Structures are given as C-alpha cells and as structure tokens.
Amino acid sequence: NSDHVMSETGLCLPGALWPPAPLKMPPRTTPPPPDPFYCSPFGSPYFNRCVPVPRRHTPYFGQPDYRVYELNKRLQQRTEESDNLWWDAFATEFFEDDATLTLTLCLEDGPKRYTIGRTLIPRYFRSIFEGGVTELYYNLKHPKESFHNTSITLDCDQCTMVTHHGKPMFTKVCTEGRLILEFTFDDLMRIKSWHLAVRTHRELVPRSVVGLHTQQDPGMLDQLTKNITRQGITNSTLNYLRLCVILE
C-alpha cells in the first residue's frame, strides 16, 4: 500500500509515503561579494589600512572619551615600583611621537603657561605622583567632539582632574578647568596635543580625618586650613615644568 510503510518491527506506519520522496537540496548560491565597507582588525583588501566608516569602525574610532577612560584605567595600574620604562610605555600608548602637552593656570604671581614636548611627557605624569599623589584620574562632563580630516578634537569645558593625597593627611583635590585633546584620526587614536586650562580647585578633607587630627594635636587645625597644592597642581609638578621651560 503506497499510503503505508513497514517499520523495523514489522508494523505498518500509516501516513508515510513509500517510496520516500527524495530530499530537496537547497539551491546553490554564490557567496556574496566582499563588503568594501567591512573594516577588519587585520586590514582591508581594498585599502592599505583600515578605513573607519560610520557603519563598521575600529574599536577607538569616534570614541575619544573612551580613550580617556583607558588612560584613567592605566594610571590606576601604576604602582610604587613603576619605573621609567613603565612611564615610557604609558606615554607611547596614549601620545603621538610629536605630541605636546600644555598646562595653563593663574598663580599668585600671575598667569602661567607651560608647554612640553613628547620626550618630557612621561616625567610630567610621574612628577604628579612624586608630589604625594596616590591616585589620579580625569572626569569629563558633557565633552564635545569634532571631526577633521586627520584628527578628532575633544573639548570638555567641565573637566575635573581628581587627585588623592596621602600626606600630610588624606586629601581629595578637585582641579576644575577646560581640557582640549586632539587625537589622531586612525586606529591607534593617540593624543597629538593636550591642553588643560585650570580655572579653580577645591581641597577636600574628610570630617573623620579632621576630628582625629585635631583631637591628637589642636595645633593641626591651622595646618588644615593651608592648601597642599597651588591651583590643584603639586609643587613637584610645577618645579618640573619650570625646569622643562629652561631645558627647552
């Protein structure tokens, strides 16, 4: 009976056709042509290097704020044993070979502007920690990005450089100002120019620390009222920048 088929046990299974219908193979299709807009991390056959496009892009393309996040993360990995090689690797990862770093602020004796080249940048960041800082990070609020032919500019008018100081007592220093970063327009997205214009700063000491020190030494209250930085910048960093001006 064509409407039945025998099973292995000899039972007749209703509803099955015999002989079974041949399997239908899916039609052969030619593979799609390579997507010229696909940006592989290993480069593209259409271009000598990976060209970023809005649809598919390299990890860093168009994300300068994420590069600042990575810079903060790398600074948190610093230890007391971090030597010159560590700081050179840090600068190589985030700064172009011809990068410049500029710091402007107004001290007691007037406005100051310091600009240093790439070879002096590693020592600049290291000088911050040598001034008693145990932690450093940059907090960006409402940054604006602009794209150019060969660079991406991040302009943040509400940037806060936060430093934690362990001596003479725990103090959190918030240095507020405008940070303008110019990044290269490629897959590395390293910084070509760094400009931090300091406006003001606040030095915060926890109440518990104030109470503890004033109980042990009432004279400490006078010391607590004195700033440990100058416009949020440590003396070791300012001395280094003055030396850089002489060297350059």
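Before the pocket entry, a reminder to myself: a pocket is an open set of grid points where a 1.4 Å probe fits, with protein on both sides within 12 Å along at least five of seven lines. Its volume is the space filled by probe spheres set on those points. I also note that this is a predicted model.

**Entry: the pocket**

I looked up the volume of the largest pocket and found about 170 Å³. Next I wanted to know which residues line the largest pocket. I wrote down Arg78, Thr79, Glu80, Ser82, Trp87, Arg126, Phe129, Glu130, Gly132, Val133 and Thr134. Two elements each give two or more residues to this lining: helix H3 (121-130) and strand E5 (133-141). H3 supplies the largest share, with 3 residues.

**Entry: strands E3 and E4**

I moved on to strand pairing. Strand E3 (residues 95-107) and strand E4 (residues 110-117) run antiparallel and are joined by 8 bridges. To get my bearings I picked leucine 105, and its bridge partner in E4 is lysine 112. E3 and E4 make a hairpin, with 2 residues between them.

**Entry: strand E9 and its partners**

How many bridges join E3 to strand E9, and do they run parallel or antiparallel? I found 6 bridges between E3 and E9 (residues 191-204), and the two strands run parallel.

**Entry: the chain as a whole**

I zoomed out last. I counted 6 helices and 9 strands in the chain. How much of the chain counts as buried? Of its 248 residues, 36% do, where buried means under 20% relative accessible area. The chain exposes about 15600 Å², and carbon and sulfur atoms supply 56% of that area.

I also checked contacts between residues at least 6 apart in sequence: 57% of them join residues at least 24 apart.

Terms used. Residues numbered from 1 in each chain as written. Predicted model: local features only at pLDDT ≥ 70, side-chain atom pairs only at ≥ 80, totals over all residues. Heavy atoms only, no water. 1 Å grid on protein atoms, 1.4 Å probe; cavity = no way out; pocket = protein on both sides within 12 Å on 5 of 7 lines; lining within 4 Å. Helix = DSSP H or I, 4+ residues; strand = E, 2+ residues; numbered from the N terminus. Pairing = 2+ DSSP bridges. Buried < 20%, exposed > 50% of the residue type's maximum accessible area, 1.4 Å probe, protein only. Contact = heavy atoms within 4.5 Å. Areas by Shrake-Rupley, 256 points an atom, 1.4 Å probe, with all protein chains shown as cover.
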